[in-house]
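Here is a short note to read beside the model. Please keep the structure open as you go through the points.

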Amino acid sequence: MAEVKPDHKVEDGENYSMGNNVDPKNVQELTQYVQTLLQNMQDKFQTMSDQIINRIDEMGNRIDDLEKNIADLMTQAGVEGTEK
């Protein structure tokens, strides 16, 4: 069987790997950047979630007020409302 030879030399592989050429300071800075980015995204998501929940609560209060006003109007008009 024929022997398969690689198209590149061993030295060529050094150009593609990060190996020992990585500056720890750069890795640390990148890690810090990613952590900060993720924290900012989490904070924005939490803020948006809180806003949505507050709007849902406000809408529930408005619906409760509307139901009470309708019941009051029906009472003033002399119409008996059906209880739930």
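**Notes on the model**

1. A search of the whole structure finds one salt bridge. The term means a side-chain nitrogen of Lys or Arg within 4 Å of a carboxyl oxygen of Asp or Glu. Here the partners are K68 and D72, at 3.2 Å from N to O. Side chains of opposite charge can pair when their charged atoms come close.

2. This is a predicted model: local features need pLDDT of at least 70, side-chain atom pairs count only at pLDDT 80 or more, and totals for chains, interfaces and linings use all residues. Residues are numbered from 1 along each chain as its sequence is written, and side-chain values use heavy atoms, leaving out hydrogens and water.

3. How are K68 and D72 placed in helix α1? They sit four residues apart, about one turn of the helix. An α-helix has 3.6 residues a turn, so residues three or four places apart point the same way.

4. K68 is exposed, at 53% relative accessible area. D72 is partly exposed, at 33%. The cut-offs: buried is under 20%, exposed is over 50%, partly exposed is in between (1.4 Å probe, protein chains only). Of the chain's 84 residues, 0% count as buried.

5. Helix α1 covers residues 24-76, which is 53 residues. At 1.5 Å a residue it should span 78 Å, and its end C-alpha atoms are 78 Å apart, which agrees. The expected span is 1.5 Å times one less than the number of residues.

6. Just after α1, G78 takes a positive phi of about 80°.

Notes: Helices (H or I, at least four residues) and strands (E, at least two) are DSSP runs, numbered from the N terminus.
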